[in-house]
Amino acid sequence: MSDSAVDPEEVRHVADLARVDLGDEEVERFTEQFGDILDAFEALDEVPETDREPELANVMRPDEVRESLSQQDALQNAPESEEGQFKGPKVS
Amino acid sequence: MTEYNGYITTETIEGADDGPLAGRTVAVKDNISTEGVQTTAGSAMLEGYVPPYDATVVRRLKEAGATVPGKTNMDEFGMGTTTETSAYGAVENPVAEGHVPGGSSGGSAAVVAAGDADMALGSDTGGSIRCPAAFCGVVGIKPTYGLVSRYGLIAYANSLEQIGPIAPSVEEAAELLEVLAGPDEHDATTREAPDAAESYADAADGDVDGLSIGVPTELLDGADEAVVETFWDAMDDLEAQGASYHEVDLPSVEHAVEAYYVIAMSEASSNLARFDGVRYGQSGGFEGNWNESFANAREEGFGEEVKRRILLGTYALSAGYHDKYYKKAQDARAWVKQDFDEALTDADVLASPTMPVPPMERGESLDDPLTMYLADANTTPVNLANLPAISVPAGETDDGLPVGLQIVGPAFGERAIIRAGSALA
């Protein structure tokens with residue numbers, strides 16, 4: 001058995017990290033498929049180390065006020081809003 | 001609407017009275033934002049989403065006088081090779097009944113192939129313009145990374161994707177590229193292409209006399225026999241017109257498709273975190289805590305292929321697996337770039353079949369995601385290397401299924417691939 005094989009618990013854990021609920025059937029299907037797909041990804045072990053472009057660096061500029069979407073436009077696609085703000089679920 | 005389900009929305013957007021595209025219709029893939037017109041990216045998550053602004057490419061289309069006849073169907077968030085993962089139903093191939101149109105820009109290629117739009121915009125993350133162009137017998141160009149603005153494109157994998165044209169002929173695709181290309185202050189990755197003296201359309205003169213073409217043997221090895229035969233017939237055609245070809249080795253491309261999927265899924269897992277049912281997207285309601293509500297909204301709103309990629313991307317980036325998958329994929333990406341650079345010192349352009357297989361039958365590949373991923377073997381290396389590529393019709397198999405020929409050029413070598421492609425279509 002390959003060391004990349006995944007079990008249903010692992011699929012549930014990753015789904016939890018990704019904030020995606022899964023049904024039991026989906027967990028079963030993904031467990032099987034992820035084993036195959038991750039096995040295929042193992043081929044990357046054969047890739048030689050390659051000189052890459054230099055490390056990227058952040059380039060910053062000062063903040064400046066510019067024209068942008070109005071508050072109303074920015075909120076127009078929110079399922080719920082209240083007093084000019086997005087309305088989300090309770091944090092508990 | 002069309003009988004092959006090419007459009008998600010058929011609301012007309014009128015452009016300026018005159019301009020280079022006046023009197024012509026350009027359909028727009030539904031992951032490209034259109035102000036005031038629903039944009040879903042093929043997802044139930046974004047059903048009813050109406051962007052408050054235009055993507056830069058849409059603004060340029062309008063200024064050029066084009067009329068947008070609607071938003072085209074696509075694999076959900078661009079994730080697919082067959083346009084069967086759309087929440088709005090699969091697209092049928094209008095020129096090969098019973099077969100898929102390719103993906104993810106399947107609706108865009110289909111409406112052009114069927115003559116329901118003069119041209120169309122697609123987006124290409126790992127072949128999503130070239131694959132459907134090949135399967136529907138039309139022309140598609142994936143531009144050099146940075147040539148066309150991505151502002152207003154609903155992101156899937158930012159470091160790989162580009163918007164590009166789909167059209168019946170190379171010359172028309174080049175005319176559309178002319179309108180789309182150029183720096184944009186809203187997308188810091190865009191830049192001015194060098195050598196701007198000749199227009200892209202003027203480069204479509206069919207003159208391949210003296211052109212040197214490299215053929216990467218690795219991209220022919222696993223391909224379907226009928227595809228390979230059609231490919232060589234098209235190469236003979238180019239040779240008869242004065243081009244020459246030689247075989248080249250690109251050992252890195254054998255790992256490109258895996259590297260592509262690791263990188264694309266990783267970027268997708270991050271990009272799609274924004275769909276939480278609060279700022280936009282279908283709401284999961286307000287019961288339970290934030291995480292439960294969020295996970296509930298995403299279960300309801302996303303289709304299975306999208307969930308699969310978000311989870312695999314989260315897995316590849318998670319502690320303990322980052323070095324094994326993501327870092328190795330970045331090494332593969334650098335290797336692919338080097339390989340292409342080398343091959344393009346001895347050849348003006350490279351050529352291969354666009355897809356290793358003819359259009360699949362509908363429903364054939366949905367149950368086996370890995371098989372679908374592997375079909376992208378010939379197109380994904382180009383996105384990893386950020387190079388331009390065109391798919392032009394090469395002919396048909398004995399069964400009458402379209403086959404595409406892919407021509408890859410050096411960075412910002414759009415004119416070279418347009419010139420070469422125009423000798424065939």
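**View 1. Strand β11 of chain B is covered on both faces.** On one side B:P402, B:G404, B:Q406 and B:V408 are buried, and on the other B:V403, B:L405 and B:I407 are buried too. Buried stands for under 20% relative accessible area, exposed for over 50%, and partly exposed for values in between (1.4 Å probe, protein chains only). Strands (E, at least two residues) and helices (H or I, at least four residues) are DSSP runs, numbered from the N terminus. The strand spans residues 402-408, and seven of its seven residues are buried. In a regular strand the side chains alternate between the two faces of the sheet.

The structure is a predicted model: local features need pLDDT of at least 70, side-chain atom pairs count only at pLDDT 80 or more, and totals for chains, interfaces and linings use all residues. Residues are numbered from 1 along each chain as its sequence is written, chains are lettered from A and ligands numbered from 1 in the order in which they are written, and side-chain values use heavy atoms, with hydrogens and water left out.

**View 2. Strands β9 and β10 of chain B both pair with β11(B).** Two strands pair if DSSP finds at least two bridges between them. Strand β9 (residues 349-353) of chain B is antiparallel to β11(B), with four bridges. Here B:S352 stands opposite B:Q406. Strand β10 (residues 389-396) of chain B is also antiparallel to β11(B), with seven bridges, and B:G395 has B:V403 as its bridge partner. β10(B) and β11(B) form a hairpin with five residues between them. In the turn, B:G400 has a positive phi of about 80°.

**View 3. The open sheet of chain B has 11 strands.** Its order is β1-β3-β2-β4-β6-β5-β10-β11-β9-β7-β8, and the pairing is mixed. The edge strands are β1 (7-9) and β8 (244-248) of chain B, each of which pairs on one side only. β1(B) pairs with strand β3 (residues 71-72) of chain B in the antiparallel sense over two bridges. B:T9 has B:K71 in β3(B) as its bridge partner. Strands of a sheet pair through backbone hydrogen bonds, either parallel or antiparallel.

View 4. A salt bridge is a side-chain nitrogen of Lys or Arg within 4 Å of a carboxyl oxygen of Asp or Glu. In B:R308 and B:E304 the closest N and O atoms are 3.4 Å apart. B:R308 is buried at 4% relative accessibility, whereas B:E304 is partly exposed at 26%. The side chains of B:R309 and B:E305 form a salt bridge at 2.7 Å, N to O. B:R309 and B:E305 are both buried. Salt bridges that share partners join A:R29, B:E304, B:E305, B:R308 and B:R309 into one network.

**View 5. A salt bridge joins A:R12 and A:E9.** The N to O distance is 3.5 Å. The two residues are three residues apart in helix α1 (residues 8-17) of chain A and are separated by about one helical turn. A:R12 is partly exposed, with a relative accessible area of 37%. A:E9 is exposed, with a relative accessible area of 53%. Over all chains, the structure holds 19 salt bridges.

**View 6. A negative surface patch lies on chain B.** The patch is formed by B:D224, B:E225, B:E229, B:D233, B:D236, B:D237, B:E239, B:D398 and B:D399. Patches are made of residues with over 30% relative accessible area and no salt bridge; like charges are joined within 9 Å, and nonpolar side chains (Val, Leu, Ile, Met, Phe, Trp, Tyr) within 5 Å. Asp and Glu count as negative and Lys and Arg as positive, while His and the chain ends are not counted. B:E225 lies in helix α6 (residues 225-240) of chain B and is exposed at 67% relative accessibility.

View 7. Most residues other than glycine have a negative phi, and most peptide bonds are trans. A cis peptide bond joins B:G103 and B:S104, with omega about 10°. B:N386 is buried, with a relative accessible area of 17%.

Definitions and conventions: Areas by Shrake-Rupley, 256 points an atom, 1.4 Å probe, with all protein chains shown as cover. Charge placed at Lys NZ, Arg CZ, Asp CG, Glu CD.
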